[in-house]
Amino acid sequence: MLIYILKRLLIAVPLIFGVLTLTFFITRLAPGDPAAFFIQPGISPNVAEQIRAQYGLNDPVPVQYVKWLANVLQGDFGRSFSRAQQPVFDVIAQALPITVTIAGLTLIANFTLGIFVGIVSAVRQNSFLDRFLTVTALFFYSMPEFWFALMMIIFFALKFPLFPASGLNEIGAEGFGSVGFLLDRLWHLVLPVTVLSINGAAGIARYVRGSMLEVIRQDYIRTARAKGLPENVVIFKHALRNALLPVITLMGSSLPFIFSGALFIEVIFAFPGMGRVTVEAIFARDYPLIIANTFVSGSLIVLGNLFADVFYAVADPRIKL
Amino acid sequence: MIDISAKRVSAMCGLAACLMLVVLALSSCSRRNGSQREVVKGGRAMDSTLVIAMLGDADYLNPLLGSTVTSANIIGLIYPSLLQSEFDTTTGLMNYMALEKKLREVTPQGQGKKDPKGALAKSWQMSKDQRTITYILRNDVFWNDGKRVVSGDFKFSYQLYGSPVIASTRQQYLAELLGADKGKVDFDRAILTPDDTTLVFRFYKPVPEHLALFHTSLTPLPAHQWKDVKLDEFRHSPLNLQPLGAGPYRLKSWQQQQEIVLASSRSSNLPKPGTIPQITFRVVPDYTVRLGQLQTGAVDVVEGIKPEDFTSLLKANRQIEIKTVGLRVYDYVGWSNIDQNEYHKSGKVRPHPLFGSARVRLALTEAIDREAIIDGYLKEYGVICNTDISPSLKWACNERLVPHPFDPARATALLRAEGWLPGPDGILQKQGRKFSFVLYTNAGNARRNYASIIIQQNLRSIGIDCKLEVQESNVFFESLQQRKLDAWMAGWSIGLEIDPLDVWGSDLNKSRFNFIGYQNPRIDALCELAKQKMEPTGARAYWLEYQEILHRDQPITFLYWIKETQGFSRRIEGEELNISGTFYNIDDWRLRPSANVAL
């Protein structure tokens, strides 16, 4: 398995490098100018030129690429254009824990909710409850997340102010003590995590339902029932555990969706995470930050997929890597 | 086998959940350690904290580099300023104040609330030849670290402002100093500091006093803190995160992209410690969420509330009021006056085939129902715009100009006189060319979207085919700069000193913002003549004529001035909004519940 992991990691290197190269050229060739902000009445025309020279944007794109490549190979992804020239990894280091927190909580909520709904649907196949859950799941699955987020804010933060509409903590949360601060943070995460996870959970529910229905029809389930085992034990101990194995692969493939979902969730809920960093970097044409974000997101996604594959093999000894 | 794998799955899930909790704890701990905040004594934190929602974070809290609105607001509270400036609402002129001197006396009606004690300068003296200005500084002002603010801080800072390596956006302020005419300011001769409280600026040409005051009152940095920082490290120096000021507030914490917290600076005598103990600038990028936060009382001030939201906002929370500032922003429809293709190909200036004639542009203006746009969207927060000189600048505004009326019949007649006649499909044609074009605008501006739809309908009704296209802002601006567009809708926010040559100057290479390619030598001459006047009101006649020409030529269709609207919680007292800024006297604001909280 170790060799398999090493192989996968080695294959990931050219893959990520290719993605970065593509990103480099796409961002450079797209219209827009990182120094555009400095072109305003009342600002000397020299400023934009000086800024461009500092950013190295006056060189031809191939020269910029070679210079960038030389720096990246030394581990230097450069400094952000739009964020006070901080090293890009410092910017990301501030933002990543927030996004990882949201993504992690979303992943947990996704699977918990999805598996629960999937089991109920499968066990009560073709009942009113099953149809109701199916329709509800499809409703949430097809709903645009940004719209859903705004609706949740209007409903739960304005009409019935149960949860905060934005930010990571309350003003003065520092005085709540460690546990209070953590709970305050969790309270602020309820709405965004709900928005992000409901959509994914609906998909997982459909998947679990299908998987469960397949397993329930297996001989060993019939045998378990024939043995006179209670239905709970049959479902949770025998059927569910086997039905969940294919669901594990979904974990890895969920990551890209959760990360892309975080893009606008962070903008709407004012979280300074990777999503907002990326969106703002794109609008500001902050090339180094866009590329570094691509690198981090890309690496996380590749690692997520690898983790899912390995996890699957660990969980199911029938799979040999 | 099943049991083994199931146990493995359970173990893995448990491990993942534990890891998640650790990440959550770490993410919250890192924030807490980073801020090192303490709760303001007395009552709930909100009782002594003013919370302002901002669209974006500050880029720098360094006066040389800060270029966003948030930066400017915060820098103004942290750093000392040489002079206090305020806008005289009765005349529209800027006034500058030192501790013992004012540029001009103002009537009580036009008087603002700025305290001259907020100025670092005691007085100033302009030489008779208008080439030298000498400031006498107070000797009782100290940086937050206890060092005195001296004239050397200004000389040091101006040298940095002029450095091309630092690329400060305020380089333009040095344009009159000795040596600037030869391409490089001679700082040894241009700025003199005979002693710690005397600061002398010397210009290569006579400079009007108000302009000299404006350009020499750039915010200083503490020289003793910054003197060892290399120029090429200036923009990313860690000192940028620890601003050392002398103003009424000091930086308490800065969680980037999240919030900036300022605390009243107890040692400040410029003019005194800020009245509200703590001000938090919270970054909330989404408009709906900012609005919701104002409604629930989570924030106290939100700028740029859209008129369409007033009713529901005020109905939902009676503790909110809407305030406006003067007319500083206008929207317009730009018509390319020149044939850009020809200009890009050969450099020759030829009239644009559609919009090259002043009579056609006048017809377009008269075909657009500007009142309908105002009534439908801006309501009482919009005023018809005639030229780019704001009605708030009363000393210069030509009030005799009568707005071009909405008159489709006259517009049709004007177009007919220019040879534009209806074709078989109802669209006007001239020599086989249809009057058809694309009107571009930038994405994400609801007001312009609304206006562009009315414009499209208005123009269609007189036989003009106007297609609408929205571009991402950065792309849109690049297209404008490169003079690629035939017609577009955009807006300008004007400066309080009138200097429009960049927008209308006939030299198309020099006038970077003359996107339409308008050329009129008389406009160039009037702008130059006005600049030469040593007292702004002396240039009034030039500006009146300037406005008459623009009104006649209609290089663009001026649509409407916008009264910017800000949402305020009623718990704020003492606020005075001014055209020079919403937070103009924020250090004097009070919070009702915080009245009993001791500083």
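**Domains and chain B**

Analyst: Chain B splits into domain 1 (113-244) and domain 2 (328-562). The model is a predicted one.

User: How many residues make up the contact between domain 1 and domain 2 of chain B?

Analyst: Domain 1 of chain B gives 5 residues and domain 2 of chain B gives 5 residues. On the domain 1 side, 2 are nonpolar, 2 polar and 1 charged. The C-alpha centres of the two domains lie 39 Å apart.

User: What secondary structure does chain B hold?

Analyst: Chain B has 17 helices and 22 strands.

User: Why is chain B called as compact as a globular protein of that length?

Analyst: Set the value against the rule. For 599 residues the globule rule gives 25 Å. The radius of gyration of chain B is 28 Å, which is close to that, so the label holds. Along the principal axes, the C-alpha atoms fill a box of roughly 90 × 75 × 50 Å.

User: What makes a residue of chain B count as buried, and what percentage of the 599 residues are buried?

Analyst: The test is 20 or more other C-beta atoms within 10 Å of the residue's own. In chain B, 45% of the 599 residues are buried.

User: What share of the contacts in chain B join residues at least 24 apart?

Analyst: Take the contacts between residues at least 6 apart in sequence. Of these, 66% join residues at least 24 apart.

**A sheet in chain B**

User: Why are S14 and S16 of chain B said to stand at the edges?

Analyst: Start with the order. The open sheet has 3 strands, S14-S15-S16 of chain B, with antiparallel pairing. Strand S14 (421-422) and strand S16 (433-434) each have a single partner strand, so one side of each lacks a neighbour in the sheet.

User: How do you know that S14 and S15 of chain B pair?

Analyst: Pairing needs at least two bridges. S14(B) and strand S15 (residues 428-430) of chain B have 2 bridges, in the antiparallel sense. That meets the cut-off. Within the sheet, Pro422(B) stands opposite Leu428(B) in S15(B).

**Chain A against chain B**

User: What makes two residues count as in contact, and how many do so between chain A and chain B?

Analyst: Their C-beta atoms must lie within 7 Å. By that test, 61 residues of chain A are in contact with 64 residues of chain B.

User: Which helix of chain A supplies the largest share of its side?

Analyst: H4(A) does, with 8 residues. Among the helices that each supply at least two residues are helix H7 (177-216) and helix H9 (231-268) of chain A. By class, the chain A side has 37 nonpolar, 16 polar and 8 charged residues.

Terms used:
Residues are numbered from 1 along each chain as its sequence is written. Chains are lettered from A and ligands numbered from 1 in the order in which they are written. This is a predicted model: local features need pLDDT of at least 70, side-chain atom pairs count only at pLDDT 80 or more; totals for chains, interfaces and linings use all residues. Helices (H or I, at least four residues) and strands (E, at least two) are DSSP runs, numbered from the N terminus. The radius of gyration is taken over C-alpha atoms; the globule rule is 2.2 Å times the number of residues to the power 0.38. A residue is buried if 20 or more other C-beta atoms lie within 10 Å of its own, exposed if 12 or fewer, and partly exposed in between; C-beta atoms are placed from the backbone. Domain bounds come from an automatic or database domain assignment. Ala, Val, Leu, Ile, Met, Phe, Trp, Tyr, Cys and Pro count as nonpolar, Asp, Glu, Lys and Arg as charged, and the others, Gly among them, as polar.
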